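Hi,

Here is the structure I promised to pass on to you. Have a look at it first, and then read my notes below.

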Amino acid sequence: MSTTQSDRLRELLEPLVASQGLDLEEIAVDSVGRKRVLRVVVDSDTGADLDRIADVSRALSAKLDETDAMGDAEYTLEVGTPGAERSLTEHRHYVRAVDRLVRFQLREGGELVARILGVDDEGLDLEVPGVKGRKATTRRLAFGDIDKARVQVEFNRKDDGGKNSMKNDENTTEEEEA
């Protein structure tokens, strides 16, 4: 049985988010003065545009209104996506980051910045950018060798053709709750 408010909220809201075709990535309840803020982060393999965010926000708000999960005190519900520089912690996050540049903190120490070319159950196929006129190289990286991974924002990718322009935007909507 869950013990924290975030765990109870996850149990309540995750099926609703899934029914909207999204994954519940994160839930956080923060105090801001006398008010509380419930932050819900959602995503999917195809992304989540503002219309989908608004739809799930309305559904979550209605569900929260019919329960006492947030108690009687006033709070603000914020629903959004992970954002441009998202951390990669689940297999599905790596799959969604294919063709993106990622900064890896390695378990053995050190850091690697590379583009994800492919993902399977064991690890990643990467393209490591060339330095000082050298060609890019490929590298295999096992999931067990990764301590942390975070997507990097790219403003000047020459071969992108604009396909990542929407991936770099964070979508958020807010609703006031009583």
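Below is what I found, from the overall fold down to one residue.

Please keep in mind that this is a predicted model. The chain contains three helices and nine strands, and along the sequence they run α-β-β-α-β-α-β-β-β-β-β-β. Of its 178 residues, 38% are buried. The exposed surface comes to about 10,600 Å², with 45% of that supplied by carbon and sulfur atoms. If you take the contacts between residues at least 6 apart in sequence, 56% of them join residues at least 24 apart.

Next, the nonpolar cores. The largest has 18 residues, and those touching the most other members are Leu-38, Val-40, Val-42, Leu-60, Leu-64, Leu-77 and Val-79. Two or more residues each come from helix H1 (5–19), strand S1 (23–32), strand S2 (35–43), helix H2 (50–65) and strand S3 (75–80). H2 gives the largest share, four residues. There is also a second, separate core of 16 residues, with Ile-116, Leu-124, Leu-126 and Ala-149 among them.

You will find Gln-152 in the loop between strand S8 (146–151) and strand S9 (172–177). Is Gln-152 buried or exposed? Its relative accessibility is 16%, and the cut-off for buried is under 20%, so Gln-152 counts as buried. The side chain of Gln-152 reaches the backbone oxygen of Arg-150 at 3.1 Å. Leaving aside residues up to four places away in sequence, Gln-152 touches Arg-100, Leu-101, Val-102 and Arg-103.

Best wishes

Note on methods: Residues are numbered from 1 along each chain as its sequence is written. This is a predicted model: local features need pLDDT of at least 70, side-chain atom pairs count only at pLDDT 80 or more; totals for chains, interfaces and linings use all residues. Side-chain values use heavy atoms; hydrogens and water are left out. Buried means under 20% relative accessible area, exposed over 50%, partly exposed in between (1.4 Å probe, protein chains only). A polar contact is a pair of N or O atoms within 3.5 Å; within protein, one must be able to donate a hydrogen and the other to accept it, and residues adjacent in sequence count only if both atoms are side-chain atoms. Contact means heavy atoms within 4.5 Å. Accessible areas come from the Shrake-Rupley method with a 1.4 Å probe; for residues, only the protein chains shown count as cover. A nonpolar core is a set of buried Ala, Val, Leu, Ile, Met, Phe, Trp, Tyr and Cys residues joined through side-chain atoms within 4.5 Å.
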